[in-house]
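Biologist: I am new to this structure. Please show me how to read it.

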Amino acid sequence: MAGSILITGANGTLAIPAVEYLLKNYPDHTALLTVRDLSDADPNTNKLREVISRYPGARAFTYQLDLTSLSDTHQFANTLSKYIQTNQIPPLKSILCNACYWDLVADSELTEDGYDKTFQINHISHVALVLKLLDRFASDGGRIVLFSSEAHSPGRAILEKIPPAIPDDIDLLIKPAVYADKAAGGFHRYGNSKLVITSWTHAFNRYLEKDPGLQNITAVAYNPGGLVDSRIFDKNTSLTLSLLMRYIIQPLLPLMRYANPQMRLGAESAVDAIELALDHIYPGERGYFELLQKDESSPESRDEVKQERLWVKSAEWANITKENTALRADFK
Ligand SMILES: NC(=O)c1ccc[n+]([C@@H]2O[C@H](COP(=O)([O-])OP(=O)(O)OC[C@H]3O[C@@H](n4cnc5c(N)ncnc54)[C@H](OP(=O)(O)O)[C@@H]3O)[C@@H](O)[C@H]2O)c1
């Protein structure tokens, strides 16, 4: 039996068609699907269940995981680790760190762990999950897909008003400045989280490559393009943005593609994300991908001094030490 594919935020816009593509085309794999709210009251989780029910022979398991809680994230990783160790589920072949959050209508909100919510969901909790599960990968390795965005790179995203940047005072990432323009501040927090993920991925790959036991695991920072049908545009955004996306941008997608070929539907990126995760695209390659093209990430994300600072701080924020990850790397 082939390995397990873990997907966070599995009831999202990109994730639901990704799950369907995986179950339909690779039924020998096991899908491990986490959602923030597993209850029947969540319409998106019900959509995910409906997709799974179309493939009765497939192996798909759903779990509740709210990434705003670091202790829940560690607990979930421990549980999964035990299931794999005791052969209840096959070893991992891939983790897709897909879940994301933004808030373009409010100031930064702190989680129970005291971190900016956007930064914790998008980055810190995924760091904890990934680093804790490295020793549960199949012996022939696998691939970790971390979700980047054009928002990581200054001057590209149309919603950017404050360019993403790694602040000298690095703690501003976990407790960001407040801006009078909430949309500007909210998108800045999102862009910064994507910049940090991208930068961290480069450091992660350096450590993976150096570790004889883990060097056949690769990490990619993947920009899936602008997903015009994403439900992210309906949540924590202005009504204007939501209506613009739904009634102007989406219907005009065929035309929009001429202006920006990266504009697409979640279902299109879903296929790419699974093929990338299964190592069918640029097998064995690491680094940054724009859609399915290997590319250079932003200049700041390639600064190795900043990468190392983020590496050490991210582990600290995520409560990762030498004791709870198999990776031999620099931790406090
Ligand atoms: N959409 C775009 O245009 C675009 C562009 C570039 C990159 N990306 C990246 O591509 C990935 C997929 O985007 P998408 O458009 O599919 O996003 P989406 O539809 O908004 O889905 C996001 C997922 O994250 C989950 N999530 C949010 N808060 C969570 C929490 N506290 N704990 C656990 N899960 C949580 C959501 O669940 P709930 O709804 O239940 O909270 C949802 O399942 C993201 O990483 C995104 O940053 C997207």
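The dialogue below goes from the overall fold to the core, a helix and the ligand shell.

Modeller: This is a predicted model: local features need pLDDT of at least 70, side-chain atom pairs count only at pLDDT 80 or more, and totals for chains, interfaces and linings use all residues. Residues are numbered from 1 along each chain as its sequence is written.

Biologist: Why does a radius of gyration of 19 Å agree with a compact globule?

Modeller: The radius is taken over C-alpha atoms, and the globule rule is 2.2 Å times the number of residues to the power 0.38. For 332 residues a compact globule would have a radius near 20 Å, so the 19 Å of the chain agrees.

Biologist: Which residues touch the most other members of the largest nonpolar core?

Modeller: In soluble globular proteins, nonpolar side chains tend to be buried together. A nonpolar core is a set of buried Ala, Val, Leu, Ile, Met, Phe, Trp, Tyr and Cys residues joined through C-beta atoms within 7 Å. A residue is buried if 20 or more other C-beta atoms lie within 10 Å of its own, with C-beta atoms placed from the backbone. Here the largest core has 89 residues, and Ile7, Val19, Val145 and Ala273 touch the most other members.

Biologist: Which residues of α8 are buried?

Modeller: They are Gly266, Ser269, Ala270, Asp272, Ala273, Ile274, Leu276 and Ala277. Helices are DSSP runs (H or I, at least four residues), numbered from the N terminus.

Biologist: Which residues come nearest to the ligand?

Modeller: Near means a C-beta atom, placed from the backbone, within 6 Å. Of the 28 residues around the ligand, Gly9, Gly12, Thr13, Phe147 and Ser230 come nearest.

Methods: Buried ≥ 20, exposed ≤ 12 C-beta atoms within 10 Å, placed from the backbone. Helix = DSSP H or I, 4+ residues; strand = E, 2+ residues; numbered from the N terminus.
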